[in-house]
Amino acid sequence: MTKYEFKLPDIGEGVVEGEIVAWHIKIGDLVKEDDEIVDVMTDKATVTIPSPVNGNVLSLSGDIGDMVAVGTTLISFDVNDSGESEGDSETITTPEKVVASESIDTPEQVVISTPVVIPKSVVPSIPIDREVRSSNNIAKGSVLASPAVRRRAREAGINLVNIIGSGPAGRVQHADLDLNIATKGTVSGNLPSIIKIKRENITEVKVVGLRRKIAEQMVLSKRTIPHFSYFEEIDVTQLEELRLILNSSKDDSQPKLTYLPFIMMALSKILPEHPECNARFDDQVNIVKRFGGVHLGIATQTERGLYVPVVKHVETRDIWGSASEMQRVSGAARNGNASLDELSGSTFTITSLGRDGGLGATPIINHPEVAILGVHKARDMPVVRDGQITIRRIMNVSSSFDHRVVDGADGAALIQHLKRMLESPALIFM
Amino acid sequence: MSEIRKCQVLIIGAGPGGYVAGIRAGQLGLDTIIVEKYKAGGVCLNVGCIPSKAIIHAAERFESLKKHSSEVGHMGLSVDGNANLDMAGLTSWKDNIVNKLTKGVESLLKGAGVELVIGFAKFTDSKNCIVETKNGLINIEAENVIIATGSSHIDLPFMPCDEEFILSSTGALSLNKLPKSVAIVGGGYIGLELGCAMTKLGSEVTVIEGLDTILSIMDKEIRRPLELWLKKNKVIIHTNALARGAEIKGKGASRKVHINFDKNGENTSLKVDKVLVTVGRRPNSKGWGLENMGVRMDASGNFIRIDRQCRTSAPGVYAIGDVAGEPMLAHKASAQGEMVAEIIAGKNREFDKIAIPAIVFTEPEIVSVGLNPDEAKERGEKIIVGKFPLAANGRALTLEAEKTGGFIRVIARESDHVILGIQAVGSHVAELSGEFVLALEMGALLEDIADTVHAHPTMTESFHESVLKTLGHAIHSA
């Protein structure tokens, strides 16, 4: 037996340790070169590490959630026993991917093609069908339902196969049909009984990996930063007109504009006048670094959790360039292939919940930055202009500032400035 | 053509399929005509289920009367003298029941506004037929046709029924004199039901069966009590025996049938008073113009091919009951008839029955609903089986229903306890079958039955107990 010790490699950018997020193998598995073996998360990114060798897994060091230093032995392989030499080890397959099954096994359709055995007597010489018929319709996996339920379903045009019965052994009950009918077929499960039956299940979710990082970041921010939050509503009627014009006249290579690129452009223009807000505060040494460049963090929801990819030097970009760079980095974050560089270095962060934008929020500052802007959904509202009620497109913004280094008046001044720019969007481009 | 009639629904055959379809169609306000060549009620009421059960019941009575004769004095009850059988009297008592029921069917049809035409219909195309009645020909044109022509007794070509010496079941149900000896060709349910009754009435019965077992539709375990009863009552069973022919010999009162059959490669001859031929039934799909209707037959070529709504391949033409496939049972035909009437009335229906019960009225009675253990295993089910003897049921003892060694057997899926089948054998168990079928149709689990209170003292308790037995904790059985 030849042992091969796999040590956590240097995964770049000065990373010294990583957290084990997921094992793709277990002891005894036969692993081939380049099979995925472990997911390790570093400060900024999660890396899936491939196996460097063919071999049998002898031992694994570290549980999910453990921090391991670069150079620590993670896995030992027996590299002699590599499958080809042993016939039966061929059957040991590479680790199965944990895939949520697409759906519950759908029961077979109820078929009555073969009815009951009947009592009859025949001598073989008689030319009549002597086929022994199966005596009923209890096919394995067939739908269980009372005749009344089956009749109702048929009349309602519902195929019982598509309904998950809430009764014992999955029996479809009237309540299951009620729900399916009430929801026009969108709910095929058994909500009514879930509501009625006490639920005792508890699911333990280990807070590891990115989730733990997010948790730490949030606590760090909230614990150390006294948040000062400020809300304003912005009349974006003109901005909306401009946006529609630009979108209708853009060429195919240009991205479709949302409000965000305009906000980014406005910020890049006005932040030099509010330098205390475009900064990072190192509270260990009590130094605020105010940045000339505008590096906007774009809070991005991904399947794995919250990421903040960064659009660097917005002041150097036009609106199309800002929009496409934002799309690029947030896309990279969502796909999990954002580089460390793309995920660091922001000096101000924008968070937008898009369609779920709501009226207001209290955004948490992306530590060690000192300000964050939340953008909410624009909608048509009745407002008073010149003593008249008129309908304007209104967008709310929420903002938070680090009150240690940004005074309330300064924060408010930034938002009011932003408001002026967005309400007369020509100013953004002057 | 003397008369041309139009209707929404035309039903051919007023048996348990056709007349139920007719009544339901009438209830639903459809203009309905039902054509019947003989009498309302079909084979079932006239020469099948009902008359045979009348004879079977009478035979049972006669048997117990004999037990209460002065010599035997069973149960401490005795009557002076001997029990005597007047076969003609019995037949006429039976005929009264049949007449009452067929009249009842006729008045139900009338009450539902259905026109009953007695005559023989011949189809010229899928929606038109000419009915030959005693008052002349009637031409009927229908929007919808329900074929419910039923089935007929199968004759053996080398010994056709003359209903004098060689009888079909029809002849056997209209005897004026009990034969001393009977040979029954075909040991299926019809032959055995009549064989048991005739044995009780006092005939010497011999069964000639071509297969290696009688009542092969039932599994070995469930037919065992019947086999024991037949043995105890000196019914002679020849299995693997093929009837070859019959000759009627002798003069006057001593005329007998000499029946010839091959068994184990040897030719045997037997002298009996009557031969009863019960080798099966064939669907009535010929002789009335079915070929003009554009209706496709099933793979066997015997039955009309239907879908789950009893539709045939011809639009607006439905087929129900025996002519539309197995199982050839009255209750299946009735259920289909009711459904088809509703479909024609525009309702959304489908024949989605989980189980159709099969019952054999032998001594003891045998009921099978759903799967037996072998069938369940063949379907790949992992099953648990529980059996409860009637001998451990109080009510069965008071009815002497345990004497035949009966039991109830429950088959359930091991994983989720869904009941897959129920069989019962024993005196009076036929009346338990309703609960069995209901259990299957409702998708009952063993626990559903276990948690249902069954009245004491009744034989239904033994179903409850057999379910408990399947769950491993019967109360009145080890």
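**Figure 1. Helices and strands of chain A in the predicted model.** Chain A holds eight helices and 19 strands, where helices (H or I, at least four residues) and strands (E, at least two) are DSSP runs, numbered from the N terminus. Residues are numbered from 1 along each chain as its sequence is written, while chains are lettered from A and ligands numbered from 1 in the order in which they are written. In this predicted model, local features need pLDDT of at least 70 and side-chain atom pairs count only at pLDDT 80 or more, whereas totals for chains, interfaces and linings use all residues.

**Figure 2. Burial and contacts in chain A.** Of its 430 residues, 34% are buried (20 or more other C-beta atoms within 10 Å of the residue's own, with C-beta atoms placed from the backbone). Take the contacts in chain A (C-beta atoms within 7 Å) between residues at least 6 apart in sequence: 63% of them join residues at least 24 apart.

**Figure 3. An open, antiparallel sheet in chain B.** Its three strands run in the order E12-E13-E14; strands pair if DSSP finds at least two bridges between them. E12 (241–249) and E14 (266–272) of chain B are edge strands with a single partner each, so one side of each has no neighbour in the sheet. From one strand to the next, the twist averages 20° (axes are lines fitted to C-alpha atoms; angles run from 0 to 180 degrees between N-to-C directions).

**Figure 4. Pairing of E13 and E14 in chain B.** Seven antiparallel bridges link E13(B) (residues 256–263) to E14(B). Val257(B) has Val272(B) in E14(B) as its bridge partner.

How values were computed: Buried ≥ 20, exposed ≤ 12 C-beta atoms within 10 Å, placed from the backbone. Contact = placed C-beta atoms within 7 Å.
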